[in-house]
Every structure is written in structure tokens, then in C-alpha cells.
Amino acid sequence: MTAPATTAPTRAPAATATGRARPPRRPSVGQVVTVVVLLVLGGLWVYPFVWLVSASLKTSPEIFGSGLSLMPETPVWENYARAWTEVGFGTYFVNTLVITVGTVLLVVVRSALAGYVLGRYDFIGKKLLIGIFLVTFFLPEGYTIIPITQLTDQLRLLNTHAGVILGLGAGGQIASTLLYAGYFRRLPKELEETARLDGAGHFTIFFRVMLPLAWPITATVVILTYLFAWNVYLLPLVFTLSEPDLRTLAVGMTVFMGERGTDWSGLAAGAVISLIPVIAVFVVLQRRFVDSIAGAVKQ
Amino acid sequence: MTTTHERTHPGRGWPRRLRKDWWIYLFLLPTVLGYGAYTVYPLLASWWFAFLDWPGFAAVGTFTGLENFERLLGDDLFWNAFRNSLVFLVIAVPLRVGLALLLAIVLNRKKTPFKGFFRTLFFLPVVTTGAIVGVVFTLVLDASGPVSLSLVWSGLIDSPANFAADAGTSLYAGIAVWVWKWLGITLIYWLAALQTIPQGVHEAAMIDGAGAWAEFRHVTMPLLVPFLVIITLIDTVAAFNVFDLMQTLTGGGPSFSSEVIEIFIFRTAFQATVPQLGYASAAAVLFGLLTVVLAVVQALGMRWARGRIGSS
């Protein structure tokens, strides 16, 4: 969409790193072929988004009646107003925002605290804890949805924001804990010793010294958790089955399909509204996104 | 990594250590409580639920022994979902891993222009919401939508078709959309892997007069094998988390042709007029066993791959 403008700086280091003076030359045939193939493939990758934005500005009959044309006859901005108020995407948006912020806060606090002591201290039960983490690392969410729903029901948190936040952020998220642990392990011992000489307790040291130092990890964890919580579907779907006012964007979207099946343009506008927050954050922070993911896999 | 060595020879200072380290356990409390309740408990509880006849969260389950498992083994729809999940895995994972590797190699070459731009393009769908992508593709793949129209226009198919709504192709439509959505993240894995190959290796191969293919085959590929193991296993686990996309794209249909195991569980537990929570749990447990097997293979593969990366 608007991605190209921000990519220029990332190329610069690669281009100058050769260290060899390169003679001015014309692009070779192979190079041209590569670019053409990449452009076609890249076109396939953005086309659905372009089509979606175009559909959100057409009238419903126009979407499937005007062939392959991407230009709406006259942009119908009213689609967005209808999706936001009438269909309830405004409410869905707020719900998603509350759930995402809550989940991100919960995961950051919980995994920073645990990662700090796991990374820097030896204590009784540490190996057991790490063992449990490793065994459950790759547990797919679909297979525990029934007990999680039952637990939330018992806690009387079904159909509440808090229930969804706990369901998303209280368990799992081991990667975040391990990222913090790995980072804290590498910080020098003297940090705590100096702070302790100044009379600081464990909590002061953690919140005043350690957590601020770990900001690159916090940034990574915030980004990854934000993506996860904004995009998750199954758990909010199950938790809000009987409470339409609590639906998230992802859930609201699919309900829309069932209830107003022929309002294609409203549907497309709703999809654009739902996707803008993740795509915008990605475009602004794309360097961090890519580094986060590449860094997480190298761990 | 799974046993505690402290346990085998408890020291005399245990109570004192515990008392001195009280703050450590306070730091761990949120994780231990949350993880215990929302990850470990569900894992154990689903085994118990699998032995119950349990018609809804408000009702009380009755123990019926192995009846759920006996029924499952004779349930054609369960095996259908099981087979669909495996087909999905076997086709989608190699496609995603292989295509991403090809792209990564091209995007890792110095000569390729606009690398950052293309990387951004391919990564874009990764950040989007799976459920919304599913809904959007029901429109894009509609018989009068752009995909169908382009294929007719280019002469590849004779008459308009909706691949997501045809029993013969719905699963493959799901696979295609899944690969499209997630290719970018695997591409990033591969680019990170390729960057671990030192530049000197490439220059040495050039001096030896190796061609591009020979260099790839004999120099690059052997260095990439450990990463291939790790990336394949990460993507394999990802291929078990396709509920959002498949539920919204096809809903498992038409006539169960694209129903993967997660949709089977969801349908049995939450969409039936009489919920069958015990039966759905049994299905989850059986399929969970398969993922455990894969996780063990994974752990072994990872250990082996780590060793290879460490020694090179």
C-alpha cells in the first residue's frame, strides 16, 4: 500500500558493503528477468489489499459487476461510516484495543519479572520450571480451548474483557519470557552490586535499573504480543458467543458475513478498518518487526 | 533439561535458601499462576474431559470410560478432518519452506535491486488478521471476483469458478491462501539463516571457479541443512494453527471437504445444538498425541541442528 516510501534506507548498507569499486554497467539480462519475476510475484502479494481498498470505495453491485477495474466510479466514503456506526465496527475497534493493550501489559510485566529471575538467579525449582516451559512450548491453542473456556466460566469471567485478556496473556507466551531471560543473563553482575551498595532493594533494582535497560526486548515483546492479540480469533470468538457487544474486529467481521451477507462494500470497509492499525504499525516500525522475528528464530 | 538435579540430593540449606529467595518466587508468581491455570491445567484437564459424556458447560459430566475414543475411531468425520489436517501439512509446509528459500536466495544476492521493497511486500500479509484475510478471500475467490475473472480472461479455465466453494478444491484453496499469508515470515527466517554464511565462503567458491548452482549445491546447501530442520519444524507447528483462516474462508465446507481437526473440535464443542464437550476433548487429545510425536521429533531435530550450527 504505502510501504515503498519507507524502504529506501534499509537498502543503503547492503549496497555499499561490497568494498570493491564497481564499474558502471548496464543491468544484465538475468537481473532484468529477476526483477520482472519479483514484480509479478510481489504484485500477487499486494493485489488482495489493493482490491480490498478499491472494493471498500465501490457500491456493492459495482464490486462484482465492474469486472477487473480497480477504480470506483465515484468513491463511496459512506461505506466506512456505515461499517463504523451501523454495523458496529466502532465498538469492535474499542474492544480489540482494550483487549490488545491489556494483553500486551500483562505479557510484558509477567515475562519481564519471570525472565529476570530465570536469567540471573539460581533457585530451587528452576530446572523444573524450564522443563515445563519446553514441554509446552509448541502447544497449539485449538486443543486447549475447551478447558480454558471451562476455567473462565468457573471464574465468572466469560463474556468480559478481563476473561479474554487472561485467556490470551496469562498462559503461553513462553517466547517472551525466554527472550527476557536471555537478555538479562548477558547484563554484567556489577549492575546489581552497585545498586545494592546504594541501598536499593530487589524491586527498585528491577524497575529502576534492569527493566529500562531491557527496552529492546520490551519493544520486541510489545510488537509480537500486539500482533498476536490484535489478530487472534478462536478465543475471543468462543468467549463472546453470547455477548455481541464484546466482539473483537476479527469476530465481528465473520458475524457480519452471516448477518449482512450481501453488503460487500460495508464488509470491505470493515476489513480495511480492522487491518489499518496492524499495517500502519508495521510500515512505521518495519525494521523492528523484521529484526524481532529474525532475532527470535536465531535464539 | 526436564529433571531437577537439586531434587536428587537435597542440601541441608533448603529451608534457608527458600526463605532467602522469597522475592524470586514473588517475581515468578504471576507466571506460575497464569501458566499453571491457562496452560498446564488445560493440558491435563482435556485428558480428564475426554472420558466424560458432557453436554455443556452448565451441565455435569458423567464418566463413560473409553466410550468417546471408541466412537471417535469409528467416526468418518473425525478421520476426514484428521486426513485433511495431514494433507494440509504435507502440501503446505514444503511449499511454504521451499518457496521462501528460493525467494530468500534471490533477495540475498547483492545484485538484486529493491530488496527491502520486495521483502516488505512479501511480509505484509503476515501482520494481518487471519480471520479477516479468510473473509476477504471469500470475495476475492468468488466466481465473479478478480481471480476467477483473470483466469477466464487468460484462458486458463473455461468458465468462472470459485475454488473455495468447490468440494474438490476448497482444501487446496485454503493451502494457497495460507502459504500466501505466511510466506513472508519464513522468508525472514531464511534471510537470517543465509546471513550466517560467511562472505568468505562465497569468495572461495568463486576462486575455485564454482558456478552459481554448484556453489549452492555443494557450499550453501550443506550449511543451510540445520536451519532447514528448524524452519520446517516451526512451520509444521504453524500448520496446526489454521482455524482462523479455514473457518472464515470455507467454514470446513463444502460438505466437510476442507474441515481440519480444529474446526471439527470447534463444531463439536461449540456449534452443535447439544454440545459434546467430552467427545470434542477426546478428539483434541488424540490429535494432541500426534503433535507430541512431532514435538519429540522436533526436540531431537533441534538439538541436532543446534549442534551443527554451534560447531560450524
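Zero salt bridges are counted between chain A and chain B, a salt bridge being a side-chain nitrogen of Lys or Arg within 4 Å of a carboxyl oxygen of Asp or Glu. The model is predicted: local features need pLDDT of at least 70, side-chain atom pairs count only at pLDDT 80 or more, and totals for chains, interfaces and linings use all residues. Residues are numbered from 1 along each chain as its sequence is written, chains are lettered from A in the order in which they are written, and side-chain values use heavy atoms, with hydrogens and water left out.

**Interface**
- Contact (heavy atoms within 4.5 Å) links 102 residues of chain A with 104 residues of chain B.
- The two chains bury about 9,300 Å² between them, 79% of it on carbon and sulfur atoms; buried area is the accessible area (1.4 Å probe) that two parts lose on being put together, summed over both.
- On the chain A side, A:Trp45, A:Ile124 and A:Tyr143 lose the most area to chain B, together 10% of what that side buries.
- Helix H2 (residues 29-56) of chain A supplies the largest share of the side that touches chain B, 15 residues; helices are DSSP runs (H or I, at least four residues), numbered from the N terminus.

**Nonpolar core**
- The largest nonpolar core has 174 residues; such a core is a set of buried Ala, Val, Leu, Ile, Met, Phe, Trp, Tyr and Cys residues joined through side-chain atoms within 4.5 Å.
- Helix H9 (residues 170-194) of chain B gives the most to this core, with 17 residues.

**A:Thr100**
- A:Thr100 lies in helix H5 (residues 89-120) of chain A.
- A:Thr100 counts as buried because its relative accessibility is 3%, where buried means under 20% relative accessible area (1.4 Å probe, protein chains only).

Notes: Buried means under 20% relative accessible area, exposed over 50%, partly exposed in between (1.4 Å probe, protein chains only). Helices (H or I, at least four residues) and strands (E, at least two) are DSSP runs, numbered from the N terminus.
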